[in-house]
Amino acid sequence: ALANDDYAWEETRKFEVALDLGFFEDRLNLEIVHYRNRSSNQLLLYQLPGTTGFSGVVQNMDATVENSGMELLMSGSPVKTRSFQWNVGLNLTVPKNRLVAFPNLETSPYASFYMVGKPLNIAKVYNYMGVDPTTGLYKVLDVDGNGWLDDVDRNKVMKLDRQFYGGLNNSFSFKRLELSFLVQFSRQHNGAGTIYMSGFDRENIPLEVYQSSWRKPGDVARYQQISRDFGKINQPLNEARGSEFYYRDNSFLRLKTVSMAYSFNPEWLGRKGIRNAKVFFQG
């Protein structure tokens, strides 16, 4: 590897403020946290031209990155009696990330990957125009109209970080019977989809692709025509892969875990010489 004697520590400045609240004799508890961390003097692998014989050299960079956000935690016991109890917990995180500064970014090897003021996890893509009803091929926008596609035409920015995520946990107990489940959720737009080559890939192609593909001039279709003419479909396919069409809404709300348990009567167990016993199910 290339040697570099001029190293320095990265620097991170942290700021955090939190508020803890309890209501109804702590039957309801709330915690709100706001944080902001700024890192500078980054240690990164600086990319070099292949003519140097090396892919890059580790060095400090003047870039400043900010990670900030809010975290919310809530827990409580809405119902609590001698025979029945309900406990609930909610957590929510809203993270934010952005490149605050990067001197001379435009002339660096990272100009195609980062933008000041935007998150680090982005994709610069073409504007997708759909399937051309006349040719039946994918089409993207030539922004400057020069007849070919380059970085200038990648003027749409896709933010791939999660917008928010969290979970909701509930637990119920009625005498010796217990039930609990955890629900997770996330809002994100980073699921890269599969753009099938429609006749060339050695893979299973969903029926929906065939049913929604272009067949004749004038068709308004989601997928381009099915063809084994590789020369005709390959370039439009690659252009679509470099556009917003390649990304999917990957948000979800799902049941993560569920469990149920029953504890046997300790008095009955004692007569059998058993201290305690429980039957449970987890999924």
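Guide: Buried means under 20% relative accessible area (1.4 Å probe, protein chains only). This is a predicted model: local features need pLDDT of at least 70, side-chain atom pairs count only at pLDDT 80 or more, and totals for chains, interfaces and linings use all residues. Residues are numbered from 1 along each chain as its sequence is written, and side-chain values use heavy atoms, leaving out hydrogens and water.

Visitor: Which residues of the largest nonpolar core touch the most other members?
Guide: Tyr128, Val131, Tyr138, Tyr223, Ala240 and Phe245, out of 13 residues.

Visitor: And which elements each supply at least two residues of this core?
Guide: Strand 8 (128-131), strand 9 (138-140) and helix 2 (230-241). Helices (H or I, at least four residues) and strands (E, at least two) are DSSP runs, numbered from the N terminus.

Visitor: What does the second core include?
Guide: Met61, Leu99, Phe102 and Tyr110 are among its seven residues, and that core is separate.

Visitor: Zooming out, how many helices and strands in the protein?
Guide: Three helices and 16 strands.

Visitor: What share of the residues is buried?
Guide: Buried residues are 28% of the 283.

Visitor: What radius of gyration does the protein have?
Guide: 28 Å, whereas a compact globule of 283 residues would have one near 19 Å. The radius is taken over C-alpha atoms, and the globule rule is 2.2 Å times the number of residues to the power 0.38. Along the principal axes, the C-alpha atoms fill a box of roughly 85 × 60 × 40 Å.

Technical notes. Buried means under 20% relative accessible area, exposed over 50%, partly exposed in between (1.4 Å probe, protein chains only). A nonpolar core is a set of buried Ala, Val, Leu, Ile, Met, Phe, Trp, Tyr and Cys residues joined through side-chain atoms within 4.5 Å.
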